[in-house]
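Here is a short briefing to read alongside the structure.

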Amino acid sequence: MAVAEAEARMAPRVVGESVAQRILRVAAKAPVHIVLIVIGLLWLVPTFGLFFTSLLAPSDIAAGGWWQVFSKPSLATLQSYSDLYNNGSIRHSLWTTLQIAVGATVLPIFVAALAGYAFAWLDFPGRDWLFVFVIALLVVPLQMALIPIFSLYNDLGLFDTVLGLVLFHTAFGLPFAIFLLRNFFIGIPKDVLESARIDGASELRIFLRLILPLGLPAIASLAIFQFLWTWNDLLVALTFGRDTQPITVAILSQLSEFGSSIEIIAPASFVSLVLPLAVFFAFQRYFVQGLLAGSVK
Amino acid sequence: MSGTSITAEPPPREAPPSHARGAGDRLRKWAVAAAFLGPAAVFLGVWIVYPAVRTIIRSFFDKDGNEFVWIDNYKELFTTDLLRTAIKNNALWVAVVPALVTAIGLIFAVLTERVRWSVAFKTAVFMPMAISLLAAGVIWRLMYIQDPDQGTLNAGIAAAKAVVSPTGVLPTASPSTPQLVGQPGKTLTLKKPLQPGDVALLGLTAIPPEAVPAGAAQAVDPQPVRNGITGVVWRDFKPGGGVVGKVEQQEQGLPRVKVDLRESGGKRIASTTTADDGTFAFDDLDAGRYTVAISGQTFAKPFGGFSWLGTKLITPSVMIAYIWVWAGFAMVVIAAGLAAIPRDVLEAARTDGATEWQVFRRVTVPLLAPILSVVFITMVINVLKVFDIVISVAPGSSQAEANVIALAMWRISFSGVAGDFGVGSAIAVFLFILVLPVLLLNVRRFRREV
């Protein structure tokens with residue numbers, strides 16, 4: 001996150017401050033530090049709870065809380081993870097999730113980049129009206145599409161396929177993607193494009209050789225968003241899939257069974273959040289940028 | 001993520017120079033634009049616009065789609081209990097969650113503003129944004145287990161409670177004779193008033209062997225003392241039968257029981273705890289009448305845990321989980337807005353003698369108002385569509401009480417053998433109408449900025 005910003009906003013150190021003054025200044029902020037540490041830890045507890053639960057044998061989970069791991073570290077076992085690895089249907093679900101997330105990340109970015117370029121740099125009648133229409137689609141709830149697409153997919157044989165899910169995610173990812181990319185592309189200096197046009201480059205060439213490379217930061221933000229969004233989806237997959245189950249649907253079906261099997265649910269949930277977390281930590285900066293571009297000036 | 005509200009608009013620009021020379025050129029421009037926009041148009045048309053129109057039409061037809069029923073499906077929204085519960089709950093969500101998330105985000109953003117390690121804090125709070133709401137639901141389902149030995153939240157409350165009011169030494173016990181009166185689990189008072197020199201026999205039964213406090217020894221018949229009241233609290237039960245109300249061999253004294261001494265007016269004047277053999281004594285008493293009672297603390301039940309996932313608390317419980325996920329979003333966006341406030345404005349206020357609170361209330365918050373409203377509106381849209389977290393936190397037994405619009409729409413349309421696409425479509429349209437003001441707001445903002 002904006003580290004440099006935070007540093008820059010640090011209270012300016014007073015020049016010529018005595019040691020006593022310094023101690024006072026730090027002590028005055030102690031309550032804030034303590035409050036933040038406590039809240040920060042509280043925020044982490046639930047996730048750690050899941051992790052430590054996944055390390056316990058089912059009988060130990062039934063006997064007590066995840067904090068047993070601290071009093072009796074010998075209880076920790078990777079048994080449930082190795083069971084999970086040998087569980088064919090969960091492995092298949094993870095693979096399905098990855099296919100959906102990758103497909104539904106690449107496709108909308110490509111489609112949105114084309115449209116974003118047209119909205120930003122092509123001159124054609126009705127452009128602004130069309131763009132306003134795209135903006136209007138931003139908040140249309142996907143519930144508005146579930147029933148007709150369900151029927152359509154049944155007719156076209158797209159029901160219960162990865163492709164069907166990818167196409168649906170692509171469509172509903174587009175308004176935000178077009179909005180974000182158009183706004184980024186429009187900031188590219190005009191001279192760069194003009195000189196390319198004067199040199200006789202085709203619009204496609206300009207798009208591929210200039211816009212895409214220059215738009216990479218925005219595309220990265222978008223990719224992370226779209227990947228997390230589709231990896232974490234439940235509703236769409238639940239509606240248009242039966243045997244095509246991404247991990248969220250697989251966990252949910254375990255959760256709703258009578259006498260839910262915690263030894264599957266806990267490790268499967270943890271595995272399902274490892275990849276999004278890794279993506280988040282690796283590309284935090286882009287993620288935050290995308291968030292800010294999407295919501296505020 | 002979805003349902004993002006917008007204000008962003010890059011600086012205005014002039015249109016690219018127009019080389020338009022007649023209809024041919026115009027057509028060419030259209031063709032190029034169409035080539036670039038085509039794929040997006042197909043996706044938006046087939047997957048959003050066409051189904052949206054279909055859904056609106058479908059909402060006026062019955063379950064099978066054959067009969068035009070006008071607004072009957074919409075009437076169901078406000079007449080069936082299931083849907084009324086869902087709408088009521090969703091209204092509660094809108095009333096509570098966006099405001100709370102925005103407020104928490106603002107507090108976190110302000111608190112971290114001048115802290116050196118704020119990045120670590122922000123990462124911890126923001127992290128849940130990356131994981132699925134389903135996983136978040138599983139996480140909180142574990143947090144909410146009722147048994148304090150398993151559920152984290154109840155374990156925390158139990159620990160805090162143990163400090164304030166510890167569990168009694170005898171959670172289950174009842175008087176062995178009618179001499180000892182009181183509500184079950186509350187203070188037990190010896191009916192007969194006592195005078196100095198008397199002996200109080202406080203017999204208890206219905207104590208399982210394993211519930212007898214550790215260290216209990218053979219009960220002893222207390223000796224009377226001249227200026228005091230003595231007595232014994234003991235387990236008035238002898239395997240194989242005994243005499244009720246009499247201390248006998250093999251009957252154990254009950255240690256660490258709190259005994260109160262009250263004067264005739266009822267005011268407590270002294271307390272003591274029993275020894276291993278169950279005996280206690282109040283010495284140096286003035287002549288008069290006293291009553292002796294076993295304190296209610298003795299029978300305090302251990303904390304059984306709040307039923308977070310039960311039908312009463314389920315909606316607040318789901319909301320807590322959701323706030324845990326979204327607070328980070330609000331914090332990050334508001335923090336970015338905070339960073340954009342010019343330093344000298346705040347300094348000027350401080351120089352003029354404003355307190356930190358005044359600066360916050362009169363300068364910071366008004367300057368942040370546009371961002372706060374964006375966060376708030378984004379959250380309203382998200383909350384209207386809330387689905388995953390409800391289905392994953394609420395167990396089957398309380399899902400009816402936790403119901404929300406999106407969940408009801410899905411259940412009515414797709415779960416079970418034959419879904420009702422008529423009512424399902426009507427619910428979807430209802431949801432759409434609810435977000436319509438935001439849609440218009442977005443469009444107006446954009447039109448103004450262009």
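**Domains, interface and a sheet**

Chain A is assigned two domains, with domain 1 covering 3-77 and domain 2 covering 85-295. Please keep in mind that this is a predicted model.

**Inside chain A**

- Between the C-alpha centres of domain 1 of chain A and domain 2 of chain A there are 34 Å.
- Six residues from domain 1 of chain A and six residues from domain 2 of chain A make up the contact.
- On the domain 1 side of chain A that touches domain 2 of chain A, the elements giving two or more residues are α3 and α4 (58-63) of chain A.
- Of these, α3(A) gives the most to that side, with four residues.
- By class, that side of domain 1 of chain A has four nonpolar and two polar residues, and no charged ones.

**Confidence in chain A**

- The average pLDDT of chain A is 87, and 92% of the residues score at least 70.
- Residues 1-12 of chain A are a stretch to treat separately: pLDDT stays under 50 there, and the model has 17 contacts beyond four places in sequence for them.

**Where chain A meets chain B**

- The two chains touch through 89 residues of chain A and 95 residues of chain B.
- Which helix of chain A gives the most to the side that touches chain B? That is helix α3 (residues 30-54) of chain A, with 13 residues.
- The side of chain A that touches chain B divides into 64 nonpolar, 19 polar and six charged residues.

**Chain B: domains**

- In chain B, the assignment gives domain 1 as 70-154 + 308-449 and domain 2 as 174-299.
- The centres of domain 1 of chain B and domain 2 of chain B, taken over C-alpha atoms, are 56 Å apart.

**Chain B: an open sheet**

- Five strands of chain B form an open sheet with antiparallel pairing, in the order β2-β3-β9-β6-β7.
- At the edges stand β2 (180-181) and β7 (268-273) of chain B; each has a single partner strand, so one side of each has no neighbour in the sheet.
- Strand β6 (residues 258-263) and strand β9 (residues 290-294) of chain B are paired in the antiparallel sense over five bridges.
- Opposite Tyr290(B) in β9(B) stands Glu263(B).

Conventions. Residues are numbered from 1 along each chain as its sequence is written. Chains are lettered from A and ligands numbered from 1 in the order in which they are written. This is a predicted model: local features need pLDDT of at least 70, side-chain atom pairs count only at pLDDT 80 or more; totals for chains, interfaces and linings use all residues. Domain bounds come from an automatic or database domain assignment. Two residues are in contact if their C-beta atoms, placed from the backbone, lie within 7 Å. Ala, Val, Leu, Ile, Met, Phe, Trp, Tyr, Cys and Pro count as nonpolar, Asp, Glu, Lys and Arg as charged, and the others, Gly among them, as polar. pLDDT is the predictor's confidence in each residue, from 0 to 100. Two strands pair if DSSP finds at least two bridges between them.
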